[in-house]
Structures are given as C-alpha cells and as structure tokens.
Amino acid sequence: DGLRGKKRHLSGATLGPYPGSAQGRESPARGAARGGKRAAPAGAGAGALQPAKLSRAELYKPPTSEELSQLKETEDLFHSSLLRLQVSRGGPGSRRWPRSAPLRLTDQAWLPKGVKVPFLQVPFSVKGRFRFVPPTELKVVGSYLLGTCIKPEINVDVAVTMPREIFQDKDNLNQRYHRKRALYLAHIAQHFSKEKLFGSVKFAYMNSNHLKPILLLRPQGKDEKMVTVRLHACPAPGLFKPIRFYPSKNNVRTAWFMEQSTPKEGATEPPTPHYNNSILCDTVLLSHLQFLSSAATDFPGMKDGLALLKVWLNQRQLSKGLGSFSGFLASMLVAYLLMKRKIVKMMSGYQVLRSTLQFLATTDLSVTGISLVKDADASLPVLDDFHQAFEVVFVDPSGLVNLCADMTASKYHQVQFEAKRSMEILDDRMVDGFQVLLMTAKPMLRAFDHVFHLKHVSKLQGACKKMQLLNELMDRGGNYVAAALPFIVSLLARGLAGRALLVAHSLPEIPEWPIDAEPPKHKDVGPLMFGLLFVPEFAASLLEKGPQADHPEALDFRTFWGEKSELRRFQDGSICEAVVWEADTVYQKRLIPEQIVKHLLKLHADIPESSICYMGALLESVIRTGQEVSGTGEEAMVSVVCSYDDLSRKLWNLKGLPLTVTAVQGVHPALRYTDVFPPIPMKPIYSSYNRIRTKHLLLPLEEKPCPAYIAPLKIVCHMEGSGQWPQDKGAIKRIKAAFHLQLAELLQQQHQLVCRPAVTHTDVYKDGYVFRLQVAYHRETLILKEVVTPEGMLKYQDTEESRQLELETLHLPYLTSSLHGLQQQHPVFGSTCRLAKRWVSAQLLSNNISEECVDLLVAFLFLHPAPFTPPSSPQVGFLRFLDLLATFDWKNNPLIVNLNAGLTGEQAIKNRFVAARSRLPVMFIATPKDQWSSMWTQEQPSAQVSWVLCPCPVVAARLGRFPAPGAMVFRPPLEFYDVLIHLNPTQIPRHLESVDRPLKSFSRGVVKNSTSVKILFPVVDYDPVQCYLQELRDAFSDLALFFYDKHGGEVIAVLWKPLSFQPQPFKVSSMKGRMVTTLNSELVCVPNVEAILEDFEVLGEGLVKSVEARTEKWTI
C-alpha cells in the first residue's frame, strides 16, 4: 500500500499542478482556488518551476476521475510515472527552452544543421515573423484515450498548443500559419533529438497531407516498436475567426502563389476549401475528443465495434494515406449513428459493425452529405456549400470542418461497394463471415480485375496544366497528385462507364523521414495504382455507341473521345457517333480497357503511354499457342468443341449398330475449356515418317526430330442396356472391342472419317483433330465389383479396376459437363484454369497433381469468391489461386466446391472430415457427387509434394513487384533438387510450349490443316519424355522422386528419398541399385549413386543430353 501511495503521490498529486498536466491546464484563477500553483505570467523568466505546497488533507484526498484515468494511462502506456512526467513536461528541461528573438519567416538560419523544416516551402518568399515561445499546454487526444487503438500501430496523439503571441494578424493567408507550425515543430524536434529518452525522433505528414507535418517520438530500446507519440501543433483557442475559413472563402492569393509582383486587375480570387479545412482541423482537436468520449461513455460495444471496423478498413487498404477512411473517421461515423439513433448504447461490437456497414452500403456521402451539428446556426455554412467545394461531405460538430475533405468520390464509392459486399457475406449462411471479412486481406492486385500504375507520378504536373487545375493546385498547396487525382479518376470512370463496376485508386502515402532530411516531394508517393473491377458481360465489348449525330450531346461525345469518334449507321437506321475498338481475339478484347485508359489519359491529361504500366494480361504470354502473338487459345478451344459437337451428332445418328448410343460425353480438358494448350488441327508431313502402307500407319524416323505431340481427345460413348450384354467381365471387354471395330467401320462408311480401331478404343481423325472413342456399358462397374467369398457367397466391393472405370465413365464426364457450364457463366474460368495448370506444371509438378484437382481449386474461386467478387480476368483468378494454395489450411479443413449448388449439408462434411482426418488425403476436396472420398486427390499430391507447393506466396510476392514479366513467376526453383537430367530439345515433342519460348524451333513433321480428309494415321499420344519418366519411376521409385514440366520442360529434376540412403543390412534380394560396404565391421548396402546416375543416361540414350549431379546435396 505504501508503494501504491507513492505511485499515487507521484502520478496524481505531483503531476497535477505542473503546467501541461490535467490541473495545470485550468485557468490560473481556478488553479489557485484548488490550492495548485498559479501559472507564472508570460514574461516571468523562462517559466522556472516552484514546488507545489499541498496541505495534508489535499495530499491524501481521494483521486478525481480525471486523475484515475491518468493513473490507468500511465500504467498502460508509459510503464513508469517518471516517463509520464517527462513526456507531459515535454521532456526534461522543456521549460528551459529559450524563447527566440522574432525573425522573418524566410530567415531560417537559426535552425541547426541537424534539422530541416518539414514543409515544402514553394514559393519560398512569404511575409510574417516567427519566434519560438514554449507551448501553453500539451494534451493527449485521439483514439488512445478512448481505448479504440488497435495493433500493430499504437499511436498516442498529443496536441501541442502554440501560444498566441507567435501569431500575427494575417497568418491565415498564403501558408503563413502552416509554415509557423512547421518551424515550431522543427524547433521542438531539435530539442528532443538531443534527449536520451527517445529512441527515434522523426517527421511525417499527417494522413500524407503536405500541409500538415507532425513529429513522431518513439521510446528507446525494445519499446520502440510498441508505441509512437505523435505531436500535433495547434493554434491557441480563439486565434482565428471561423468565418474566414468557410468553404467559399479564399486564403491563398494567386499573385503570391504564381510569384507575380502585382495581382491582375479585376481578377476574383478562387475559394480554397481544402486549405481552409486544414487550418480548421487544428482548432477542433480537443472538441472532437470531448465529443467522442461523451459518445463512448457507458457504451462498451463502441470500442469493440470500432476495433472491428478498423480491422475491416485495414484489410481493404482503405485506412492510410491521403483521403483515407481513417479510424478517426470511423469513430465519428459511429458517433453520428448514435446521435441519429441508428445505433443504441446497448449494442454489441458486432451489431455496431453491422449497423455501420449497413449505413455505408445505403448512403452515398458524395451526393447527400451528413452533419454532426446538433443545433442549426444560420451563420454556419450549409451542406450545399460543402458539396460545391468537396467531393465527399461529412461535417463535424462545429459545423466548420469537413472530415472527408481529402477523400475522392471514387474512394468513397469503393468503401460503399465493400460495405455492400460485406453485408451480403454477413447474410450468407454458407460463408464464415468473420474469417472472410476480418482475416482476409484484399490487396489491389487480388481485388481488381485489371490494375495499372503511373510509373512517373511527376507526369501529373503536366496533367494539371492540361486540365487547367491552377485553382486546385493553390488550394492543395501545390500538391499536383492530390489536385489531379479526382479528375483523372472521374475521366476514367466516364470512359469505362458500362464496362467497369468500380474504378478505384490507391491512396497516396508518404513514409516518415528523419529530421535531418529534406521533406519528401509530391512525387515521393511511389507508384500511384488504379484498379478496375469489370462487369463481365460488357467489359470486352468492341463498340462505344454515342448519341445521334444531330443531338447536342454529340459534340460533347466527340470532344471526349477525340479522333477515335466517328459517325456510323446502325441496323435500326440511326446515324450515331461511335467509337469502335480493334480486337480480333478474346485475348485482345480483354485488353480493350487498356486501350481506353491509355487513349483517354494521353488525350485529356498528357500522360504518355510509356508512363502507364498496365497489368491486365502480363502472365498470359505463357499460354499463347504457337508463334502467332494474337491469341491465347480460346478460339482454338471453341473450334475443338464445335468439332466434338458435330461428331457426337454423327454418333447419335449412326445406322447399323446393334444397340443405339444413349449418351456421348467428352472427358478431355479441352472439352471443358481448361486444356492448357488446346489441340491445333494438323496433318502429318509424310517425309518425316516411315510409311507402313499396309496398315495405313506412319512411324517417326529416327534421324528426324521427334514429331509434334498429338493429343487424343477422349470421348465416352454409352451404349444402351440390353439383356444381350453378357454378365462376365472378360466377355464384356470382348463385346466392347467388337463395338470399337464396328464404330470405326460405320464412321468410315457413312461419314468418310479415317478411323483406327483398337481393343480399348477407336481413334477418329476429324477436322484435323484425333478423337478417342471409348464404349461404356453402365452395369460394367457393378460386375467388376463382384467378389465370390470362400463360402461361395457373392458380394460387392470396390476394386482398383472398378474404381478406375467408374472414374472414367461416370465421374469425369459429370465433372466435365459441370465445369463446361461454369465456363458459360464465367467466361474467364477456362483461361484461369489454364494459367493455374501451366504454373503447376512449370513447378515440375504435372505428374503429382491431377488436372481435375487444379480445375476444382479454380472452380472454388469462382463459386465461393468471398470476400472478393468472381474474377473477370484470368490474371486476378490466377493470383487468387496462388493465394488459396498458400493460405488454405488443408490440415484442418476440407475444401468444399459446391458445383451446380448441389450441396446443402456442408457441416456434415466438415464433421466427418474432422473425425476421419488421419485416413484422408493431404488435400481433401468435396463436391456434390463426391462428398466423402475426394477422388481427385486420393493418390496425389502426396505429403512430400504438398511442401513443394509452399513457395507459392513467395512467387506471388515476386509478382507484386511491378512489373514482373510472366515467365519470371513461372520459372521453377531448381536449387533444392539433388540431380538434374538435361534433355535434348530435338526429342521433346512439346518444346514450343515451354515457359521461355525457344528461339529456334524444329520441324515437327506436321502442318496446320483442318480440311484434309484422307490421311495416313500419325502416332498419337507419343511423348518420349513421358515414356522415359515412366521407366525411371518403375526402376528407381524406391530411391528417388522425379519431377518434370510436361509442357516442353528441358530438365527432369530428381530428389533422393532420405530414408533410402540409410544403410540397410545386406540381403541378396534387396541389392537393386545398391552396393555393399562395411560400417562398424558389418556388411551394409547403400545406394550406388554413380551407377544410378549412369543408368539414368543409359536408359535415356538419345534423349538425355547430360546428367548434372549436385553432389553437395546428398551424403551417404
């Protein structure tokens, strides 16, 4: 207790009467009345301190509520009363700060070398005098006292009141107040930089606003990261008359700003609302704190609600930078809703979050502003005055300050859009709202379909000139980024009106800087990013239809689009202005928004194309087919599907079959639009082959390069059921073989198609493609499941053969048709899958993760996109795919893909998953038709492979650094493999598909041709590398894992299995690939690495160029 008493004595009583503490801030008269020390008159010395004399009764009387809150604050934040005392007195010796003699504002020689003025003084010359006088009071303001701070950044805002005597009459004009404020902070910074108390003393711009520097103080040692004290200099109360700062008033003279000697005659000065607002903000810091604290009393839900809101804003990158929706703004909004009784003090934090999001979603502050003024005062400006001056309006309790002054309408619309989306998510029972809204980050790259940034922000100077924004520049203190941004965004929003749901921009953010450095310039905001979120139906339309030629709006349309606009006659007979964009392929159509953005910025803002780095399709180069640059294979996919549709019609109508065809189902990825490189129609060049005339076959010649890979497009033909089908599995296979022969014969007779029958299938050459028909009989799987027990009982159980057949004839066709349907709803689904598969393959994992598994992962992104909207560009879909792989908790959760909305009991799947986790595959994917077995991930990926997938986030981060060429993201890391087998490019049939396209290609024995009918059959599905890989796996799977990129990779990577390198006891039966050695006088077997590496070469003779052993990677 004695200790507590001491603490109480030091924190409460001792602190109380010092200037700058709670009691010292009272008027001198009240201070004296309470027995405190009368404040020394302004002229008396440098404020020498006298010890306070307190009577015994006063010393031990119960602490007031204010003292109690100070005690709590001291305990929580300052860790010791002494530190609290020092900060509240402005550091040791702050009262000994000398007053300086009055000097002209431009005379700054008194500043020592170690401190630079934290203000861009352009133009430099300005009237007025400055001298330093110690502050009249320091007060803690802001979220710390309200208890609504959230980690990681705990900021304590301290208002430093500058005494009245340092100001003069016209300090409201021409940045004089702002410059005095900056000099005042520079003086304090110089003193604090010498103190041992502070770990770092730095400057920053408040909310990245150049007119408002602040001083950041951090404690020493390990606490430095924990808390930042932010000093805000503000004027003495009553210094300025508020009427001078109404939104319609001018406080920056054009002649001064333009550095002209005399003002132009008769020119009216434009209003400077943003400038005025920046001064007014400093005068209301304390009144805002009192307003918020009265709202927060007896309202515990407010703290929780604000914490949730701040996290929500942070995850969406909305809360930092110039014109951000800051935590302070969120607090004021909650107080407004409380005032309007949209929120009551009984509500919980969650209800506060919901009510606030609901309000944001349904209210557009850029159209109807809101005000916190309680009693209307006729002399105050009205909301309309604010709407004329600012894009977004939210007026504070004084009726003078617009809290959203710097926010652009576009940024508010983004907040509104996010709030609407969040409300939908909260109302959706199927989504875990908390995880999705508050735990998932939404960086621009993953949230928007196309992103572009201005490489040279300084180009906006020219834009300001072109758009004639001098008044805005004056108002913003010369900040051309802030002046041009609203105009640039509204220009783009108009140009992309029907195509984009949202045109958003990143918030200009300027980092803090040391006090001895020059303040950052306007261009130091880094790259300014813009995000476009598309309406999928209209994003790629070729036509921009304008008004009729004789309408008055036609001129405006022509001015807006420049020479791109032309008169056109439409089918309905009307003659209208129109803009037509050039694009032939789907890939080019996706990039029409890029053409629009570049055209409009060049035309209206003088921003050259070279300054715009547009990220709409940077990655898609890796799925381009062949040498032509124009497309990414969507058209090829459509022509494959058309040819397949035609073939299935022909099969339905075949005459002469003993049983009719009941269904034709495609199972090849190209038939669901997700084949990485769709087949191209081709015809063999006979000179590259050895002809076997009798069988109408072609065999590749040894001396020629390996022929191009021809993928067979697999189709399942279901035959009708009949009592004629045998009930024996061997007999069924023979009947199917007979059907294959007959199908070939009938297709040749009735449709002149070249066919090649085999026991298990028939290959059909049509339109340059090879289709592989496989006959299916619906009871065959059941017959394969039959097992006769030793007792002679017949029972059914799954066998490997029955599972495989079920997969091929039942599940794969269902998956293909479901994903085909998904492609119809989301046009970029197929291309996103292709990018994802190309990446998986490029990481050398094509044999370790099935194509169907990747298709389902991507389908998940489209069917369950929360908190995003479904992707409308392949690139954003792919980035989200990488993020899903990197962040999804496979160990504890199943991934549920609700195809065709066929699932209702998701919870049952989760419960069953948790109960049986140890027996289930590493990646568990549930779909409506496959809820319990996760058939597509049953075998692969194995646990070893799943850790190879983990570099994803690193890859995504690589991409985040602009601009990363597509190939960069796809190149695999080869450093952690033990052996690399380099292959001979002439023998790689898919060499042209590799990530880094080869400069020279080989003639692969085929030409592109879809019209030839009579041909000799080339070798189908022939890839020597895959044959070699199979041999390697058969021979060495117990010793090593093999990885390869099937799309033209030149390297097979080998990883030794650590367990197989442990010495084994000598057995004759287990000597494959091993040699005998002695260890501790015992005979043991260890792998014979040199012989194995030699075997690699021998097995792959002609295909293997060299084997590179990284001996340092493995030890025996």
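## Strands and how they pair

Two strands pair if DSSP finds at least two bridges between them; strands (E, at least two residues) and helices (H or I, at least four) are DSSP runs, numbered from the N terminus. In this predicted model, local features need pLDDT of at least 70 and side-chain atom pairs count only at pLDDT 80 or more, while totals for chains, interfaces and linings use all residues. Residues are numbered from 1 along each chain as its sequence is written, and side-chain values use heavy atoms, leaving out hydrogens and water.

## A three-stranded sheet

Let's start with an open, antiparallel sheet of three strands, ordered S14-S16-S15. S14 (543-548) and S15 (566-569) are its edge strands; each has a single partner, so one side of each is left without a neighbour in the sheet.

S14 is joined by four bridges to S16 (residues 575-580), and Glu 544 stands opposite Val 579 in S16. Helix H21 (residues 553-561) lies across S14 and S16, at about 145° to S14 (axes are lines fitted to C-alpha atoms, for helices over the stretch in contact, with angles from 0 to 180 degrees between N-to-C directions; contact means heavy atoms within 4.5 Å).

## Cysteines

How many disulfides are there? The count is zero, a disulfide being a pair of cysteine sulfur atoms within 2.5 Å. For Cys 706, the nearest cysteine sulfur belongs to Cys 1027, 9.1 Å away.

Cys 706 is buried, at 3% relative accessibility, and Cys 853 is buried at 0%. Buried means under 20% relative accessible area, exposed over 50%, and partly exposed in between (1.4 Å probe, protein chains only).
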